[in-house]
There are 2 protein chains.
Amino acid sequence: MNPRDWQTYLVTQESLSGGRRSLEVVTEAIAGGVDVVQLREKGTDARWRYERGSELREVTAESGVGLLVNDRVDIAQAIDADGVHLGQSDIPVAVARDLLGPDAVIGCSTSTVTEAREAEAAGADYLGVGAVYGTSSKDVPEEQNGTGLELVAEIVDAVSIPVFGIGGITAENAPPVLEAGATGVAVISEITAAEDPEAATRALEAAVSEGDGR
Amino acid sequence: MNPRDWQTYLVTQESLSGGRRSLEVVTEAIAGGVDVVQLREKGTDARWRYERGSELREVTAESGVGLLVNDRVDIAQAIDADGVHLGQSDIPVAVARDLLGPDAVIGCSTSTVTEAREAEAAGADYLGVGAVYGTSSKDVPEEQNGTGLELVAEIVDAVSIPVFGIGGITAENAPPVLEAGATGVAVISEITAAEDPEAATRALEAAVSEGDGR
């Protein structure tokens, strides 16, 4: 399970999945070639995430797709996930590493070069960087759009672990994120809210490959 | 660390501690003879609870007082707590037992006889039962006050693990909870919001011993 191999990264949110279960969206995204799935499901309780996570572990394991759990090391261990994704207000990366051991994948959300260097030094395997373009729920004016891409480029320069852009990324605007040096892109609604999550994943994968090849 | 030895059980909530840190309240409660502390701190993020929990582990360990963590098995492991307390919407008791091993103390909140029997069968070491009297933030009419005590008595009859009453318990109304068969009482604001948490803990301890002796 090597984050350097990931290009398309899906973050789940059943409440943004058009009435479908995350299991359905993830199954379609896997058919579309998604590389890794993060169980996030903000605003839900731990029991629900444990149950949903157990379902997602089955379909991801069958297809060799990575599964990470947002925030909760204990849920990750309980469902035999490949690792966790931690934010700046979650338990520290080094503490999660102690609990999970050297083989787990640990990612960390960073929005400054200082946070990025700290996360790498603490043992993170990859970084999530954003918001690259703002998010669909929080529109960023056109003239500010450069900022997120510059941040990606600065952090890619500052660390040696893979960087994934996140925040408002679509198939259309994904190529510049790769050109800025990101290894791949993470999305929520671009896949979860798509009428056809499989096609949306393929389109994202094609856009990322285009950006990566330039 | 045997829950049968606990009579006074403090659940922390810094936001209900009159501007004091939970560390200060817990230190005073320990001086007053509290038997076990649960790190709860509803509405705070995991990093904050991890940091506060590390502080509480120091003072509780020095005095041989038990320390449990609400909901989070990973934070309990990270701060070397004695166990966890789980609600009905947290990860299942059996899953927590797998992660923590046989020596950890695992408690479970239950408000029906069915839940209580299930928690015991799943490996819980003790039960929290309530709300016995409602809580200070949710007043229960006088005529309904019997219900909580009856629930405690029914659950005590149905299981063989220790039961702790919770919800609106004060030094004044604690004795009937013990008379109903509870091993002890759990409180938040009766200690955290007290002008003198040490004295409040002593008063609660005295009330529990009175109820226990009848």
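User: In this predicted model, what does buried mean, and which residues of H1(B) are buried?
Analyst: Buried means under 20% relative accessible area. The model is predicted. H1(B) spans residues 22-31 of chain B. Its buried residues are Ser22(B), Val25(B), Val26(B), Ala29(B) and Ile30(B).

User: Within what arc do the buried residues of H1(B) fall, seen down its axis?
Analyst: The residues concerned are Ser22(B), Val25(B), Val26(B), Ala29(B) and Ile30(B). An α-helix has 3.6 residues a turn, so residues three or four places apart point the same way. The buried residues of H1(B) line one face of the helix, because they fall within an arc of 135 degrees.

User: At what angle do the axes of H1(B) and H2(B) cross?
Analyst: H2(B) covers residues 46-63, and its axis comes within 10 Å of that of H1(B). Angles under 35 degrees count as roughly parallel. The two helices are roughly parallel, because their axes cross at roughly 10 degrees.

User: Which residues of H2(B) meet H1(B), and how many residues of the contact are nonpolar, polar and charged?
Analyst: From H1(B) come Ser22(B), Leu23(B), Val26(B), Thr27(B) and Ile30(B). They meet Glu55(B), Leu56(B), Val59(B), Thr60(B) and Ser63(B) in H2(B). By class, the contact holds five nonpolar, four polar and one charged.

User: What is the phi of Gly33(B)?
Analyst: Gly33(B) follows H1(B). Its phi is positive, near 100 degrees.

User: Which residues of H5(B) are exposed?
Analyst: H5(B) runs over residues 113-122 and buries Val113(B), Glu115(B), Ala116(B) and Ala119(B). These buried residues fall within an arc of 160 degrees, so they line one face of the helix. Just after H5(B), Gly123(B) has a positive phi of about 110 degrees. On the other side of the helix, the exposed residues are Thr114(B), Glu118(B) and Ala121(B).

User: Is Asp71(A) buried or exposed?
Analyst: Asp71(A) sits in the loop between strand E3 (66-70) and helix H3 (73-78) of chain A. Its phi is positive, about 75 degrees, although it is not a glycine. With a relative accessible area of 13%, Asp71(A) is buried.

User: What is the relative accessibility of Asp71(B)?
Analyst: In chain B, Asp71(B) lies in the loop between strand E3 (66-70) and helix H3 (73-78). Its phi is positive too, near 75 degrees. Asp71(B) counts as buried, at 14%.

User: Which peptide bond of chain B is cis?
Analyst: Ala131(B) is in the loop between strand E6 (126-129) and strand E7 (134-135) of chain B. Omega is near 5 degrees for the bond in question. In chain A, a cis bond joins Gly130(A) and Ala131(A), with omega about 5 degrees. In chain B, the cis bond is Gly130(B) to Ala131(B).

Methods: Residues are numbered from 1 along each chain as its sequence is written. Chains are lettered from A and ligands numbered from 1 in the order in which they are written. This is a predicted model: local features need pLDDT of at least 70, side-chain atom pairs count only at pLDDT 80 or more; totals for chains, interfaces and linings use all residues. Side-chain values use heavy atoms; hydrogens and water are left out. Axes are lines fitted to C-alpha atoms, for helices over the stretch in contact, and angles run from 0 to 180 degrees between N-to-C directions. Helices (H or I, at least four residues) and strands (E, at least two) are DSSP runs, numbered from the N terminus. Angles under 35 degrees count as roughly parallel, over 145 as roughly antiparallel, 65 to 115 as roughly perpendicular and the rest as oblique. Contact means heavy atoms within 4.5 Å. Ala, Val, Leu, Ile, Met, Phe, Trp, Tyr, Cys and Pro count as nonpolar, Asp, Glu, Lys and Arg as charged, and the others, Gly among them, as polar. Buried means under 20% relative accessible area, exposed over 50%, partly exposed in between (1.4 Å probe, protein chains only). The arc is that of the directions from the helix axis to the C-beta atoms.
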